[in-house]
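Open the model in your viewer and colour it by chain. This tour walks along the place where two chains meet.

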Amino acid sequence: MTEETHEIVKADEEQPSVKQPTTNSGTDTKSHLFAIRTTGGQEKVVLNLLQNRVNTKKINIQSVLLIDNLKGYVVLEAIDANEAFNAIQGVRHIRGQLRGELEFKDIEGYLVKKSTVSELAVDKVVEIIGGPFKGMKATVTRVDHDKEEATVILLDAPYQLPVTVDANYLKLSA
Amino acid sequence: MVREMACRKCKYVTIGKVCPVCKSSDLTPDWNGVALIVDPENSHIAKTLGITQKGKYALKVT
């Protein structure tokens, strides 16, 4: 009798440990991010291959991210590491999966880019970081918030030369 | 090779002349970064980018 009760207690004890993974997977509707290592310069090819795979097979992933600053890697959003592994298995130019997962804050900066137009104001000194006037300094004379462009006067030019440039090509000068 | 263009309004990447998502014809070949959204309902990235339809989207459109 005592043995029986002991067994029952034992079974009760074991149950939570067995259930635990299922409860975890139940709350795991939240996706995780995995860094996938690719052959250098083949990130776009990998993305297209994954896109074809998504269209043809049933792959349980949420999204794939290709960030220009992250050379040699693509970011895969999946429910767990196994799903990520299944998705990339056999795909050409994929060299492996990094252990562990990425934090969302690691890639958030690439997704939500604060527009530089909001920082610009008339008479502020800016540096042009792109286009034909790259590297030159200028003062802002007009800001068009809708078109995200600004008219600036080049400081390096010998005479006043107003130029309208995309706000993304401007950086506030210290 | 067909040139992929990104919609300036919704950032959807397409090879057509009209965006199939927002029907806009304001497309640009100057874009970088790609987000391939497979499951927009459960994707954290899609929610952050405000994407509700699956497909290929540009991260930055100039």
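Start with charges across the interface: chain B and chain A have zero salt bridges between them. A salt bridge here is a side-chain nitrogen of Lys or Arg within 4 Å of a carboxyl oxygen of Asp or Glu. This is a predicted model, where local features need pLDDT of at least 70 and side-chain atom pairs count only at pLDDT 80 or more, while totals for chains, interfaces and linings use all residues. Residues are numbered from 1 along each chain as written, chains are lettered from A and ligands numbered from 1 in the order written, and side-chain values use heavy atoms, without hydrogens and water.

Now show polar contacts. Seven residue pairs make one across the interface, both residues at pLDDT 80 or more. The rule wants N or O atoms within 3.5 Å, one able to donate a hydrogen and the other to accept it; residues adjacent in sequence count only if both atoms are side-chain atoms.

Next, select the side of chain B that touches chain A. Two or more residues each come from β4 (31-37), α1 (44-49) and β5 (55-61) of chain B. β4(B) gives the largest share, seven residues. Helices (H or I, at least four residues) and strands (E, at least two) are DSSP runs, numbered from the N terminus.

Zoom in on β4(B). Strand β2 (residues 61-66) of chain A pairs with β4(B), antiparallel, over four bridges; pairing takes at least two DSSP bridges. Find A:Ser63: opposite stands B:Ile37.

Finally, zoom out. In contact (heavy atoms within 4.5 Å) are 18 residues of chain B and 24 of chain A.
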